[in-house]
Amino acid sequence: LMTRHGHHHHHVVRTQALVRGYMARRKFRRAVESVAKRRRIFWEICDTEEKYLANLYNLRNFLVELRAQGIVFTEEMISVLVSLDLIISLHADFLFDIQDRQSAWDAHSCFGDIFVQHSSSFKVTSVYCSNYEDCLKEVVRLQTSSKVFKDVFGKYTHLPEFNVQSLFIKPVQRIPRYKLLLSEARNATLPEHQDAQWLDFA
């Protein structure tokens, strides 16, 4: 009986060890996957933010040159230009902070805190969003009716992605894109990671 009991006890211990081993491997796999996914998402945020800012600079410079060449701006066009200046300035600060974090990135790094820190800056996009459609309509009208517009536009056609309509809509699309990426990041972040609560706030 003792032998049978001892054998049973050994079997239970061995089963527990196998289960613990399986759980440890599973936890390790989840941790490795989490690190890889979080890095991929953050790298995407950094890469697309740099392109986004470059596109905004191009759009702003184009509008400034149109005005300098004598194109009369509507109230909505002036509002969009002022908003663009502010958005560029705030997003340049944001890009600096995320690239700074990227340069020292490791498995313990956070990025939700940077979004929380800059959250009020992102709200300025709402002013742009309320005026961009009317501004774009006027730009499209000028595209077909103004020689000055065509001359200025010709200087920018060599730039990659220089499509006026798609450039105007980029600030409108950017904030929803952040929300999507932050949601992905939260799903990829383990509950015990310090970034979990920052991503919840963001």
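1. Overall fold. The protein chain has 8 helices and 0 strands. This is a predicted model. From the N terminus on, the elements read α-α-α-α-α-α-α-α. Of the chain's 202 residues, 37% count as buried.

2. Nonpolar core. The largest nonpolar core holds 49 residues. Phe62, Leu63, Phe111 and Phe168 have the most contacts inside this core. Two or more residues each come from α1, α2 (75–103), α3 (112–117), α5 (125–145), α6 (147–156) and α7 (164–188). Helix α1 gives the largest share, 11 residues. As a general point, nonpolar side chains in soluble globular proteins tend to be buried together.

3. Positive patch. A patch of positive charge sits on the surface, formed by Arg25, Arg26, Lys27, Arg29 and Arg30. One of these residues, Lys27, belongs to helix α1, which covers residues 2–68. Lys27 has a relative accessible area of 54%. That value is over 50%, so Lys27 counts as exposed.

4. The structure holds 11 salt bridges. One of them joins Arg101 and Asp113, with the closest N and O atoms 3.0 Å apart. Arg101 is in helix α2 and Asp113 in helix α3, so the bridge ties together parts 12 residues apart in sequence.

5. Salt bridge within a helix. Asp151 and Lys147 pair through their side chains at 2.8 Å, N to O. Both residues lie in helix α6. They are 4 residues apart, about one turn of the helix. Lys147 is exposed, with a relative accessible area of 62%. Asp151 is partly exposed at 43%. In general, side chains of opposite charge can pair when their charged atoms come close.

6. Glu161. This residue deserves a look at its backbone and its side chain. Glu161 lies in the loop between α6 and α7. Its phi is positive, about 65 degrees, although Glu161 is not a glycine. Most residues other than glycine have a negative phi. The side chain of Glu161 forms a salt bridge with Lys170, where the closest N and O atoms are 3.9 Å apart. The cut-off for a salt bridge is within 4 Å, so this pair qualifies. Lys170 is partly exposed, at 21% relative accessibility.

Terms used. Residues are numbered from 1 along each chain as its sequence is written. This is a predicted model: local features need pLDDT of at least 70, side-chain atom pairs count only at pLDDT 80 or more; totals for chains, interfaces and linings use all residues. Side-chain values use heavy atoms; hydrogens and water are left out. Patches are made of residues with over 30% relative accessible area and no salt bridge: like charges are joined within 9 Å, nonpolar side chains (Val, Leu, Ile, Met, Phe, Trp, Tyr) within 5 Å. Accessible areas come from the Shrake-Rupley method with a 1.4 Å probe; for residues, only the protein chains shown count as cover. Lys and Arg count as positive and Asp and Glu as negative; His and the chain ends are not counted. The place of a charge is taken as NZ of Lys, CZ of Arg, CG of Asp or CD of Glu. Buried means under 20% relative accessible area, exposed over 50%, partly exposed in between (1.4 Å probe, protein chains only). A nonpolar core is a set of buried Ala, Val, Leu, Ile, Met, Phe, Trp, Tyr and Cys residues joined through side-chain atoms within 4.5 Å.
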